[in-house]
Amino acid sequence: MFHRILVAVDGTAAAQRALRTTSELALLTSAKVRVLHIDTSDVVYDTVVGLEDDAAAHQLLDSAVATLRQAGVPADGELLDGLVADVAQAVQEAAKGFAADLIVVGPHHRSRLATWFSPSVSDAVAHQSRIAVLFSAAEG
Amino acid sequence: MTASPSLAAKQRPEFLIALGLAAGPVVALGFTRFAYALLLPAMREKLHWSYAAAGGMNTSNALGYIIGAATAAWWSRRFGARAAFVGGIVISALALLASAATDNFAGLTVLRFIGGLSTAVTFVVGSAFASRVHSGGQQARSASLVGMYMAGVGIGVVLSGVVVPAALTAWGVSGWQAGWLLMGVLAVLAIGPAAWAARQVPEQAAAGAAHGGRVSLKPLTPTFVWYVLFGAGYVSYMTFVIALLHSQGMKVWGTATFFIVLGVASAAATLLVWGRVIGRLRGGTAPALVSAVVLIGVLPVLLWHGMGAAIASAIVFGGSFMAGPTAVTVLARRMLPAHAWTSGIALLTVAFSVGQAVGPLVSGLLSDSSGGIAKGLWLSVVLLAVSAAVALIQRERAAGHQHQETAAAGAPTAAGH
């Protein structure tokens with residue numbers, strides 16, 4: 001069963017569902033959990049633009065870790081800086097660093113056009129991962 | 001669902017602020033840097049310049065750009081970021097107006113140098129302003145607002161593509177002075193919106209002050225070489241392509257259409273395409289792809305004559321030449337540690353400018369030889385082809401994603417970076 005779970009959160013409703021799923025699974029398997037949030041930036045021409053306020057990123061991560069701990073799950077958090085195009089790779093690296101045996105992500109369901117402008121991290125994680133990946137349910 | 005009135009009210013100024021700041025690149029890059037290509041054939045004819053002399057004007061401009069890029073942070077600290085940004089536009093406007101007032105080669109060379117310097121200061125400081133237009137929760141909007149600012153380059157190309165041909169149509173080859181004058185007047189008009197927009201953005205310590213331990217840039221050597229070659233290759237075309245089309249018999253409004261299409265393509269592609277494509281590529285693949293696409297954009301005007309070839313070239317070249325800095329910035333961001341980002345990207349910019357300084361001069365010398373101007377532009381093809389090959393040598397060695405402190409969340413047990 002799963003003993004070390006990495007859950008990636010981004011402040012969306014999908015990430016909240018991923019967090020709930022992780023909490024329930026971790027309680028069932030007595031797993032340790034690491035919450036990962038990536039403070040993203042993008043490159044426009046030659047300028048690197050932060051896409052998230054640093055304080056908001058810290059708050060989001062702290063809140064997610066607190067939620068898990070309140071549920072009785074042993075959890076810590078990891079906050080990384082990264083380009084928006086490199087989020088999936090950062091998730092892989094963080095999973096490796098934590099020696100995770102499961103990655104939990106909350107997929108966003110969007111149109112093809114929207115996916116072109118903002119590629120699906122969940123899809124990329126699933127394609128690249130050498131360990132199990134769990135997509136949390138779209139609803140509920 | 002409709003946006004609340006307060007949200008709509010908040011969004012409107014941000015959009016307007018970004019547009020106001022875009023007046024900077026309109027003047028700095030659109031007018032002061034790129035529009036010279038439109039005036040080059042008339043100036044060369046009227047002032048009896050060789051192609052090398054005409055190219056030397058852009059060498060002077062690129063040298064000014066190097067100095068400006070290297071000192072932008074200093075100007076910003078010395079006079080304040082707002083004064084540096086607006087002052088850069090004022091100096092560009094004065095340089096444009098003064099270019100209309102003299103036909104002295106040395107004087108025009110100095111004005112191109114000053115224009116290059118003010119272009120860099122305006123663009124570098126303005127970029128920092130643009131990235132701070134939006135603050136608060138929904139920072140994802142920041143990228144769109146910076147994109148709007150960058151689109152100013154394409155807007156400037158389009159505007160110059162209208163006013164310069166209008167001057168040349170009205171006064172023939174003597175209209176080159178009126179061309180500079182009209183752009184100078186538009187630049188003066190741009191000062192107001194730019195100054196207003198700069199006042200709406202919080203002033204902050206200038207970027208470029210971050211220092212850390214010494215970092216070897218050796219792993220990025222192929223990218224440095226690529227950037228010099230790419231800079232020389234793309235700017236040779238950008239400097240002389242209008243002269244080439246003119247020599248092929250294309251009339252003023254034909255070349256104007258070409259220039260306008262090029263400007264629109266550059267703005268659209270910068271905003272919509274390249275950020276996504278480059279983010280998905282690793283190592284030197286992105287710069288190599290950019291070189292290959294720009295090369296394909298150069299070829300039509302060299303292989304065929306006529307409007308169809310010119311428009312094809314404008315679309316492909318215009319849609320790709322501004323992707324070079326994006327490819328380099330992504331690579332530097334991935335391969336350098338955080339404290340070396342600013343200095344590393346600044347040195348890469350110097351490499352780019354060195355290429356842009358050398359390219360027009362060598363291309364001009366070749367154009368003066370027996371093969372004519374087409375021979376000079378084939379240099380672009382060769383340089384871009386070599387640059388693509390050099391870029392493919394680049395291997396990506398990630399510096400790792402940077403950790404932030406997360407005290408409340410607890411330190412991670414293993415980082416692996």
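Two residues are taken to be in contact if their C-beta atoms, placed from the backbone, lie within 7 Å. On that basis, among contacts in chain B between residues at least 6 apart in sequence, 84% join residues at least 24 apart. The model is a predicted one, and chain B contains 15 helices and one strand, while chain A comes to five helices and six strands.

**Chain A overall**

- Followed along the sequence, the elements of chain A are arranged in the pattern β-α-β-β-α-β-α-β-α-α-β, and its radius of gyration of 15 Å is close to the 14 Å that the globule rule gives for 140 residues, so chain A is as compact as a globular protein of that length.
- The C-alpha trace of chain A spans about 45 × 30 × 30 Å along its principal axes, and buried residues account for 52% of the 140 residues in the chain.
- Of the contacts in chain A between residues at least 6 apart in sequence, 71% join residues at least 24 apart.

**Two loop residues of chain A**

- A:Ile131 sits in the loop between helix H5 (121-128) and strand S6 (132-135) of chain A, where it is partly exposed, with 15 other C-beta atoms within 10 Å.
- Leaving aside residues up to four places away in sequence, A:Ile131 touches A:Ala95, A:Ala100, A:Asp101, A:Leu102 and A:Ile103; the C-alpha atoms of A:Ile131 and A:Gln92, which are 39 residues apart along the chain, are separated by 9.3 Å.
- A:Ala99 belongs to the loop between helix H3 (87-97) and strand S5 (102-105) of chain A, and A:Ala99 is partly exposed, with 15 other C-beta atoms within 10 Å.
- Most residues other than glycine have a negative phi. A:Ala99, although not a glycine, has a positive phi of about 55°.

**Helix pairs in chain B**

- The axes of helix H6 (residues 141-171) and helix H9 (residues 252-272) of chain B come within 8 Å and cross at roughly 175°; since angles over 145 degrees count as roughly antiparallel, H6(B) and H9(B) are therefore roughly antiparallel to each other.
- The residues of the contact of H6(B) with H9(B) comprise 18 nonpolar, seven polar and no charged.
- Helix H4 (residues 81-99) and helix H7 (residues 176-200) of chain B have axes that come within 7 Å and cross at roughly 170°, which makes H4(B) roughly antiparallel to H7(B).
- On the H4(B) side this contact includes B:Phe85, B:Val86, B:Ile89 and B:Leu96, and on the H7(B) side the residues include B:Trp180, B:Met183, B:Ala187 and B:Ile191; the residues of the contact divide into 17 nonpolar, three polar and two charged.

- Of the 417 residues of chain B, 58% count as buried.
- Helix H12 (residues 307-318) of chain B has twelve residues, which at 1.5 Å a residue should span 16 Å, and its end C-alpha atoms are 15 Å apart, which agrees.
- The buried residues of H12(B) are B:Ala310, B:Ser313, B:Ala314, B:Ile315, B:Val316, B:Phe317 and B:Gly318, and these buried residues pack against helix H8 (221-247), H9 and helix H11 (285-303) of chain B.

**A loop residue of chain B**

- B:His48 is placed in the loop between helix H2 (36-47) and helix H3 (51-79) of chain B, where B:His48 is exposed, with 9 other C-beta atoms within 10 Å.
- Phi of B:His48 is near 60°, a positive value in a residue other than glycine.

How values were computed
Residues numbered from 1 in each chain as written. Chains lettered and ligands numbered in written order. Predicted model: local features only at pLDDT ≥ 70, side-chain atom pairs only at ≥ 80, totals over all residues. Axes fitted to C-alpha atoms, helices over the stretch in contact; angles between N-to-C directions. Helix = DSSP H or I, 4+ residues; strand = E, 2+ residues; numbered from the N terminus. Parallel < 35°, antiparallel > 145°, perpendicular 65-115°, else oblique. Nonpolar A, V, L, I, M, F, W, Y, C, P; charged D, E, K, R; others polar. Rg over C-alpha atoms; globule rule 2.2 N^0.38 Å. Buried ≥ 20, exposed ≤ 12 C-beta atoms within 10 Å, placed from the backbone. Expected span 1.5 Å × (residues − 1).
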